[in-house]
Amino acid sequence: MEKNRGRKKEAMDVYREGLKKFPVRKIYEDAATLAISLELFSEARSLLTEALKNAKPGTHGGIYLLLGRNAFKENTNASLQEALIYYERAIQTLSPASFPESDLRSLNIARLRSKHHRGNLAFNFFNGEGFKIIDVEPLDAVTEGADTVGGIVTGK
């Protein structure tokens, strides 16, 4: 209820208390999703690591996807490398239809930014000038470049 009322910090406290009594995968995942939205990246990583421990074999794909999102949103060089690892694990575990297009775009942006110096410079330039990267498609040899599509962000 707290989360739906826009009281995310209070909702996070409820999740923390709930996990003390009911340490189950679903609550870990929900708490981690909320932690990501609050930019509590380290806490989200810890929660998702616990979720992995509680997951049945062969059901890790959704958790890898959340770990990839968390690392991507953290937006450091190290976390982008981490995002690549988790997104690639998610791709191996999930069916192609259940891998969201937004996560595929994040994976491609992480590839561009972490494997290509000029790609990272271009991303930072466009992002800093008010453009939103809509799509990135790395070339076969990712170190050679990528096609990038951007749009202007309004309301800034």
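## Asn70 and its surroundings

Leaving out neighbours within four places in sequence, Asn70 touches Ile36, Phe41, Ala44 and Arg45 (contact here means heavy atoms within 4.5 Å). Asn70 sits in helix α4, and with a relative accessibility of 0% it counts as buried. For the burial classes, buried is under 20% relative accessible area, exposed is over 50%, and partly exposed is in between, using a 1.4 Å probe and protein chains only.

A word on the model: it is a predicted one, where local features need pLDDT of at least 70 and side-chain atom pairs count only at pLDDT 80 or more, while totals for chains, interfaces and linings use all residues. Residues are numbered from 1 along each chain as its sequence is written, and side-chain values use heavy atoms, with hydrogens and water left out.

## The overall layout

The protein has seven helices and two strands, and from the N terminus the order is α-α-α-α-α-α-α-β-β. These elements are DSSP runs numbered from the N terminus, with helices being H or I of at least four residues and strands being E of at least two.

Of the protein's 156 residues, 36% count as buried. Take the contacts between residues at least 6 apart in sequence: 45% of them join residues at least 24 apart.

Helix α2 (residues 25–37) and helix α4 (residues 61–74) pack at an angle of about 20 degrees, with axes 10 Å apart. The axes are lines fitted to C-alpha atoms, for helices over the stretch in contact, and angles run from 0 to 180 degrees between N-to-C directions. The two helices are therefore roughly parallel; that label covers angles under 35 degrees, with over 145 as roughly antiparallel, 65 to 115 as roughly perpendicular and the rest as oblique. The α2/α4 crossing is left-handed, a term for a near helix turned anticlockwise from the far one by less than a right angle (clockwise would be right-handed). On the α2 side the residues are Arg25, Glu29, Thr33 and Ile36, and they meet Ile63, Leu66, Asn70 and Lys73 of α4. By class, that contact has three nonpolar, two polar and three charged residues. Here Ala, Val, Leu, Ile, Met, Phe, Trp, Tyr, Cys and Pro count as nonpolar, Asp, Glu, Lys and Arg as charged, and the others, Gly among them, as polar.

Helix α4 also packs on α5, at about 160 degrees with axes 7 Å apart, which makes the pair roughly antiparallel. This crossing is left-handed too. Among the residues making the contact are Tyr64, Leu67, Gly68 and Phe72 of α4 and Leu80, Ala83, Tyr86 and Ala90 of α5. The class count for α4 with α5 is ten nonpolar, four polar and four charged residues.

## Inside α5

Helix α5 (residues 77–93) has 17 residues, which should span 24 Å at 1.5 Å a residue, and its end C-alpha atoms are 25 Å apart, in agreement. (The expected span is 1.5 Å times one less than the number of residues.) Its buried residues are Ser79, Leu80, Glu82, Ala83, Leu84, Tyr86, Tyr87 and Ala90. They pack against α3 (41–54), α4 and α6.

An α-helix has 3.6 residues a turn, so residues three or four places apart point the same way.

Helix α6 has 15 residues and reaches 21 Å from first C-alpha to last, close to the expected 21 Å. Its buried set is Asp103, Ser106, Leu107, Asn108, Ile109, Ala110, Leu112 and Arg113. Arg111 and Gln81 are 30 residues apart in sequence and 8.2 Å apart from C-alpha to C-alpha.

Next along, α6 and helix α7 (residues 117–128) pack at about 120 degrees, with axes 5 Å apart. Ile109, Leu112, Arg113 and Lys115 of α6 make the contact with His117, Gly119, Asn120, Phe123 and Asn124 of α7. By class this contact has three nonpolar, four polar and two charged residues.

## Two loop residues with positive phi

Most residues other than glycine have a negative phi, and most peptide bonds are trans. Glu39, not a glycine, has a positive phi of about 60 degrees. It lies in the loop between α2 and α3 and counts as exposed at 58% relative accessibility.

Asn75 is also not a glycine, and its phi is positive at about 65 degrees. The loop between α4 and α5 holds Asn75, which is partly exposed at 41% relative accessibility.
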